[in-house]
Amino acid sequence: MMERDPYTYVAMSLDPGAPAYLAVSFYTPDLRVGASVLDSGRPYLSILSREADITVSTSGAGPVTTADVDIARQLFNATARYLADCEHLHSGQQSVDSDQANASGSGDEVAA
């Protein structure tokens, strides 16, 4: 598999008579994630890199609706899954790295 340098990919499509389409993909450890509540009482979630700034907030920037709570729950569940997948894969990679280090070190012994 080819390794790439970290990057953020942003694409936008504007077609007359159609809604704008925006896609943002983060492939970088250079992310900041935060959540807070504005003085107006509106909660928000932000994901930022040097190249992009994404903010998620309530419907129409208004009061919190049942749909907003459902979306927040979906974000939470997807993020928990992402965390679990990252931890599982990282743990497996650590084991492979450790096994490779042990295997390469075993041939360095000299018989007396």
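Reader: Which residues form a nonpolar patch on the surface?

Author: Val10, Met12, Leu14 and Leu22 form it, with about 430 Å² of accessible area together. Accessible areas come from the Shrake-Rupley method with a 1.4 Å probe, and for residues only the protein chains shown count as cover. A patch takes residues with over 30% relative accessible area and no salt bridge, joining nonpolar side chains (Val, Leu, Ile, Met, Phe, Trp, Tyr) within 5 Å and like charges within 9 Å. A salt bridge is a side-chain nitrogen of Lys or Arg within 4 Å of a carboxyl oxygen of Asp or Glu. The model is predicted: local features need pLDDT of at least 70, side-chain atom pairs count only at pLDDT 80 or more, and totals for chains, interfaces and linings use all residues. Residues are numbered from 1 along each chain as its sequence is written, and side-chain values use heavy atoms, with hydrogens and water left out.

Reader: Why is Met12 called exposed?

Author: Its relative accessible area is 57%. Exposed means over 50%, buried under 20%, and partly exposed in between (1.4 Å probe, protein chains only), so Met12 is exposed.

Reader: What makes β3 and β4 a pair?

Author: Two strands pair if DSSP finds at least two bridges between them. Strands (E, at least two residues) and helices (H or I, at least four) are DSSP runs, numbered from the N terminus. β3 (residues 32–37) and β4 (residues 43–48) share six bridges in the antiparallel sense, and Val33 has Ile47 as its bridge partner in β4. The two strands form a hairpin with five residues between them.
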